[in-house]
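Please read this briefing alongside the sequence and the 3D structure shown below. The points that follow are grouped by topic.

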Amino acid sequence: MKLFNSLLLASALTATTAMAQDDSVLKPVVDEAAKINESAAKSQDKINNIADQIDNKLQTFKTLNKEIEGLEVYNNQLRKQIANQEQEMADLNASIDEVSVIERQITPLMIRMIDGLEQFVALDVPFLEEERAKRIADLKDMMDRADVSASEKFRRVMEAYQVEMDYGRTMEAYTGIHEIDGTERDVEFLRLGRTALIYQTRDAGKQGVWNKQTRQWEELDSSYRTQITKGLRMAKKQLAPDLLMLPVAITD
């Protein structure tokens with residue numbers, strides 16, 4: 001019996017010793033495994049962080065690519081606009097050069113036109129002499145002014161020509177001073193286009209007509225008094241247009 005108990009004690013001691021030895025062997029392994037798991041977890045976190053950074057950078061890259069594409073389209077449009085503006089500048093410079101040439105050519109033309117208009121008025125029927133002479137004098141003064149553009153000068157010259165043209169198709173009555181028998185008299189003039197220029201004193205006692213052939217005033221007899229008075233009223237729009245019997249000089 002004592003022998004059996006001794007065997008049991010020896011077995012227990014042996015088992016205890018073996019377990020102690022197993023624990024001493026396994027503990028380092030378990031510890032190392034724990035370290036490996038911890039390191040793996042840290043590595044996984046790093047991988048996850050890197051993956052997130054890569055995703056963020058990828059999204060940023062895609063966004064930048066879209067912005068670059070938009071900028072390329074915008075830059076291409078700007079290049080076209082700049083090219084058009086450069087062409088417009090070239091055309092404008094060419095136009096400015098042409099305007100300078102035209103201005104140098106048109107100024108002598110306007111001077112000749114004014115001289116021609118002055119000669120025409122001098123040879124024309126002598127109506128509104130002061131007004132027409134002043135218009136020509138104003139044109140000559142204007143040509144010497146630097147603050148008036150060439151286009152405005154040309155417009156006013158053409159306007160003066162238009163006024164003279166209109167005289168040929170209008171009827172007009174106006175007052176003035178006319179010398180009759182060496183005495184200045186207050187008279188009314190009746191102009192029928194450029195066909196006839198007639199005067200009549202205020203009391204209708206005297207009347208006369210301009211003779212284009214002789215370039216002289218000729219006195220009319222009293223038989224024309226009524227027709228001249230009628231014509232004056234028509235020109236003043238005091239009477240409806242009607243047929244007039246007036247003397248007309250016939251030129252060759």
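A salt bridge, as the term is used here, is a side-chain nitrogen of Lys or Arg within 4 Å of a carboxyl oxygen of Asp or Glu. This is a predicted model, in which local features need pLDDT of at least 70 and side-chain atom pairs count only at pLDDT 80 or more, while totals for chains, interfaces and linings use all residues. Residues are numbered from 1 along each chain as its sequence is written, and side-chain values use heavy atoms, with hydrogens and water left out.

**Overall layout**

- The protein chain has four helices and five strands, where helices (H or I, at least four residues) and strands (E, at least two) are DSSP runs numbered from the N terminus.
- Read from the N terminus on, the elements of the protein chain follow the order α-α-α-β-β-β-β-β-α.
- Of the 252 residues of the protein chain, 23% count as buried; buried means under 20% relative accessible area, exposed over 50%, and partly exposed in between, with a 1.4 Å probe and protein chains only.
- When contacts in the protein chain between residues at least 6 apart in sequence are considered, 44% of them join residues at least 24 apart, a contact being heavy atoms within 4.5 Å.

**Salt bridges**

- The structure holds 19 salt bridges, and one of them joins the side chains of Glu152 and Arg155 at 2.7 Å, N to O.
- Glu152 and Arg155 are separated by about one helical turn because they are three residues apart in helix H3 (residues 150–167); Glu152 is partly exposed at 28% relative accessible area, and Arg155 is partly exposed at 41%.
- Arg169 and Asp166 also meet through their side chains in a salt bridge (2.7 Å, N to O), with Arg169 exposed at a relative accessible area of 57% and Asp166 partly exposed at 29%.
- A further salt bridge, at 2.4 Å from N to O, is formed by the side chains of Glu188 and Lys236.
- Glu188 lies in strand S2 (residues 183–192) and Lys236 in the segment after helix H4 (225–235), so this pair ties together parts that are 48 residues apart in sequence.
- Within that pair, Glu188 is buried, with a relative accessible area of 14%, whereas Lys236 is partly exposed at 37%.
- Salt bridges also link Asp124, Glu131, Arg132, Arg135, Glu164 and Arg194 in a network.

**Aromatic rings and charges over them**

- Rings of Phe, Tyr and Trp (its six-membered ring) pair if their centres lie within 6.5 Å, and planes under 30 degrees apart count as stacked, over 60 as edge-to-face and the rest as tilted.
- A search of the whole structure finds five aromatic pairs; among them is that of Tyr199 and Trp217, whose ring centres are 5.5 Å apart and whose planes stand at 70°, so the pair is edge-to-face.
- This pair links distant parts of the chain, since Tyr199 is in strand S3 (residues 196–201) and Trp217 in strand S5 (residues 216–220), 18 residues apart.
- Tyr199 is buried, with a relative accessible area of 4%, while Trp217 counts as partly exposed at 26%.
- Trp210 and Trp217 form an edge-to-face aromatic pair as well, with 5.5 Å from centre to centre and 70° between the planes, and Trp210 is buried at 11% relative accessible area.
- Ring pairs join Tyr174, Phe189, Tyr199, Trp210 and Trp217 into a cluster.
- A charge sits over a ring if NZ of Lys or CZ of Arg is within 6 Å of the ring centre and within 35 degrees of the ring normal; over the face of Phe127 lie Arg132, at 4.0 Å from the ring centre, and Arg191, at 5.0 Å from the ring centre.

**Nonpolar core**

- A nonpolar core is a set of buried Ala, Val, Leu, Ile, Met, Phe, Trp, Tyr and Cys residues joined through side-chain atoms within 4.5 Å.
- The largest such core has 13 residues, and those with the most contacts inside it are Ile114, Leu139, Met142 and Val157.
- Helix H1 (2–123), helix H2 (129–143) and H3 are the elements that give two or more residues to this core, and H1 gives the most, with six residues.
- Leaving aside residues up to four places away in sequence, Leu139 touches Ile114, Leu117, Arg156, Val157 and Ala160.

**Strand pairing**

- Strand S1 (residues 171–180) and S2 pair in the antiparallel sense over ten bridges, two strands being paired if DSSP finds at least two bridges between them.
- Ile177 stands opposite Asp186 in S2, and in the hairpin of S1 and S2, which has two residues between the strands, Asp181 takes a positive phi near 55°.
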